[in-house]
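Trainee: I would like to learn how to read aromatic rings in a protein model. Please show me the structure.

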Amino acid sequence: MYLYNMTLQRAGGVVCAVHGNFSGSKVQEIAVSRGKSLEILKADPHTGKINSLISVEVFGSVRSLMAFRLTGGNKDYLVLGSDSGRIVILEYNAQKNSLDRVHMETYGKSGCRRIVPGQYLAVDPKGRAVMIGAIEKQKLVYIMNRDAQARLTISSPLEAHKSNTLVYHMVGVDVGFENPLFACLEIDYEEMDADQTGEAAVRAQQTLTFYELDLGLNHVVRKYSEPLEEHANFLITVPGGHDGPSGLLICSENYITYKNLGDQHDIRCPIPRRRNDLDDPDRGMIFVCSATHKTKSMFFVLVQTEQGDIFKVTLESDEDMVTEIKMKYFDTVPVATSMCVLRTGFLFIASEFGNHFLYQIAHLGDDDDEPEFSSAMPLEEGDTFFFAPRGLRNLVLVDEQDSLSPILSCQIADLANEDTPQLYVACGRGPRSTMRVLRHGLEVSEMAVSELPGHPNAVWTVKRRVDDEFDAYIVVSFVNATLVLSIGETVEEVTDSGFLGTTPTLACTQLGDDGLVQIYPEGIRHIRADKRVNEWRTPGKRNILKCAINHKQVIIALTGGELVYFEMDPTGQLNEYTERKELSANVVCMALGSVAPGEQRSRFLAVGLEDNTVRIISLDPNDCLSPLSMQALPAPAESLSIVVMGASEGTKDTPHTKLLYLNIGLKNGVLLRTLLDKNTGDLSDTRTRYLGSKPVKLFSVKMQGSEAVLAMSSRCWLNYYHQNRFHLTPLSYDVLEYASGFSSEQCPEGIVAISEKTLRILALEKLGAVFNQVTHQLTYTPRKFAVHPESGNVVILETDHNAYTEETKKQRKAQMAEEMKDAAGEEEVELAEEMAQAFINENLDESIFGAPKAGGGMWASQIRLMDPILGRTHKVVRMEQNEAAISVAFVQFATHPAEIHLLVGVAKDYQLNPRSVNGGYIYTYKIRSDGTDLQFFHKTPVEEIPGSICAFGGRVLVSVGRLLRVYDLGKRKLLRKCENKHLPNFVVSVHGMGHRIYACDIQESVFYLRYKPRENQLVVFADDSLPKWVTASCVLDYDSVAIGDKFGNITVVRLPPGVSDDVDEDPTGNKALWDRGYLCGASNKSDCIFSFHVGETVSSLQKATLIPGGSESLVYTTISGSVGVLVPFTSREDYDFFQHLEMHMRAENPPLCGRDHLSFRSYHFPVKNCIDGDLCEQYNSVEVSKQKTIAEELSRTVTEVSKKLEDIRTRYAF
């Protein structure tokens, strides 16, 4: 079995984010690391939308990311710490839209190791040096400079190692232009290692250590070290030199402290807490991330607590000596891994879980009535300030970036009966959890919908002048009339546009500099800027059938197949070409390309004829109207479109040049995309795609400044070029009949379209997105869900650790309110009662402010029955405090064949580490046949955690801890029929097929069992010889199981041919099972037939078909929010081709972060029988010279290779 890996949706979770001027322009971009990929984002200062400029797979684990700029430079570089054992410096090339590697220096072994640097990065604020550190011992400093050609240079590494030292964080200290200084949070464990009593570990103190890079002597010295009172978790650099007092802010549990070298004494301020917080009162509070913003006159630091509250921190100083820290509550946003404050006033929040947000900082919070806390305020040791959280006041949400991270469970099914299956994804954490329905398609924003007086048949938008930014008119054609609407604040009808209103329109556009042209069946109407009108009438009783226009040329086809060509002369007059062209058959469609800037005309006309051909006709004055090339079609053409798209490599001085493509829509619902040679007009490299059951109509529109094609069949599709790749994506919207590009002040890049009797203005903002998401909010973290087979409704298990149930929250609130009243004096009784009542009535939205933390071992859980299409919740069953719902399944028992029962496995008083549990239950519910109600039937106590449940031959298989049991339905509880005690640790998933059972152990891979009905025994007859920490599994066929593990590997194990599952268990016990087997005890071992390292923990595996009529593939999702497929090769020839392509790509285009591709994909087990499509697909974005070299090595042309890549993607997925 050979499989091909493709990522459909890249990871959404962000590991770290930094901002800087990476493109060298004045605009700041945001660089984000998503684990194994890098992305550059740009926040549009006008619209506030986040656009992705480029996203690159690095085939390694990016652990740290920093931006730095050489002194006097205007461009930021990216420095990467990864698992490659190399420091890498990248530069963003805006012209080519690519990330280029400037330097790569090797310093250690690959892999995430304790003593190999890469975990921490610190940059000197003046860009002179970079420190890269490991978790333990090793730290290296590289000096950055520039050579005579102003290119970046990097020195040999200077060592700053210290044995027996663990590092928690490191930053560069801003010391102006003095010797670069780095600060590290360290702990020395030498004494602890030697001490066996454990007292040294209790006494151990963290130290703050400064390392100085002496630029004169070219070495690093350990300048100063000082023990810290509290355990700190991270450091913040305070601007120095002319910008501020320099020094550090140390964030530790419950306190933030300012420190600096020299005479400066420490200044310490407690972290404010929420007033009347339901959290565990003994729990400390820490800051988790920060963002510093400085201007010429001031600076401030935004810091965020682990509850999501942001505080603005400023320092008061007196002649370079800091006197106090001032803190003010700013706003509350979701907890972030990184925050970036941009110069345009945006705040980017890279959320720890769920969607990422872009806020506009509307106020700096200086002049509101929010209390300001200061380190100078007198407080008892251990006391702190209190504040009341509130809705957003200083921030305004402007954009949201979808992220599926973390995906906890996923199922693929067509529950909405749409032909194309949907992905149902349970993702998120705590109160911000969601159930998302993913459909392949672009999200469409509806800007406006208005009714029209009749049934229109076409629509166009027209500018008044060629240099206008926005469109002036919308022209709507009806069967016997034309309606002209002006575009302004509102859209309203106008009568003085010059257009003829009493006839249908075939086409219209802005012509020349300031003219308009309207083509109608009886003639052509040229409207000049001063409203003078020139008319050209058709000869005799002939009508115009088809036409093609751009803003300098008009060509019409009359009845009988005659072509008439008009061209604009320099005076703005439309002149007819002397000759006319007679064609052999009637014209069914025509297309002209747009006129390139600086050119007089478009050289080619494409004509589709009734005889199933498309002809390219020259419009060059030298051979005007002479045929150049022809392509036969498998069906009659419906419409044509010539667009300039894509890119081919230019020289070093000129950027990419675009290519001409002819798109042909056929009557049978197929779209052909053919390359049109700019010089000869030859047609080559045809790509085919079936779009729908109706004839395909094509319309040229503008997307992100480039041309794109909107194709309409039984569904609408957009063909566009984005991030070095062609995308053909359906629109998640109603069927449209006709469309045109639309540009106005409110909607700079939109589409105006007609659908039945309505005119619609639409915008497509999320280009590059594969899925359109519909989101339904949940209460707790969704763990698993099951689909009701009859109604399509889903049952979701929502379970949170460290959480209160609603009932416990109410009790805790009442208890705190009583304490308030008791604490009040006699005069304050009334006031205390009012405050207590206000506190009980106060209800903060937990999806914004977070849920209160109850402490370890506290669980809140509920079962939700919902309609996933409409998002309607039919029923919620709340569990008691400390009951955790773990597993779920629908079961049809043989004894009750008419009913479907829902079984839910619940753990009681579950402690995670070390794992202990106070028993468990299996709740049984009856479900109504329409799937809208649950009725409690009975509960069955068990002694361990019911890890998984699976229907099995009219009974049910339940794993209880490490035991595997078969139960049947009784009247008062489930009846135990059979069990197996020979599985080693804890069974996480169980599947059944026939009499065979596949049980996955938490750390010992998969066990094959046989159920023997006659003896009523469950017998293990095969297992795996390699341990695997299973997180997801899927049965592929009777002998094969796919396993995803927590280290990010997917493996497929299969029983060798000839293995019999007919094994006998020795009833005497003389010859016990574990005596005769080997390794784990089974008599047979499964073979590993496929192995591949994904790089992210796999959370679900499912065998599914993603497109109607497509073949089955193995779909996986990961905890980081990515969705990928493994598709089987249908022929050995294809496998050989892709194997050779992958081999050449490894050599010609090695991963950006310096990791070896083969060793990354073989992280824990050698990669086996898998081709990495993510690497192969980078073929389209490498330089053309390299593309040609690789194609020649494969004995193919460049177009054949890219066609192969496109074919395998469209055959199985999108």
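Trainee: Which residues form one aromatic cluster?

Mentor: Tyr2, Tyr4, Phe1129, Tyr1135, Phe1137 and Phe1138 do. This is a predicted model, where local features need pLDDT of at least 70, side-chain atom pairs count only at pLDDT 80 or more, and totals for chains, interfaces and linings use all residues. Residues are numbered from 1 along each chain as its sequence is written, and side-chain values use heavy atoms, with hydrogens and water left out.

Trainee: How many aromatic pairs does a search of the whole structure find?

Mentor: A pair of aromatic rings is described by the distance of the centres and the angle of the planes. Rings of Phe, Tyr and Trp (its six-membered ring) pair if their centres lie within 6.5 Å; planes under 30 degrees apart count as stacked, over 60 as edge-to-face and the rest as tilted. The search finds 30 aromatic pairs. One of them joins Phe771 and Phe1214, edge-to-face because the planes are at 85°, with centres 5.6 Å apart.

Trainee: Are Phe771 and Phe1214 buried or exposed?

Mentor: Buried means under 20% relative accessible area, exposed over 50%, partly exposed in between (1.4 Å probe, protein chains only). Phe771 is buried at 6%, and Phe1214 is buried at 9%.

Trainee: What sits over the ring of Tyr921?

Mentor: A charge sits over a ring if NZ of Lys or CZ of Arg is within 6 Å of the ring centre and within 35 degrees of the ring normal. For Tyr921 it is the charged end of Lys939, 4.0 Å from the ring centre. Likewise, the charged end of Lys813 sits over the ring of Phe839, at 5.7 Å from its centre.
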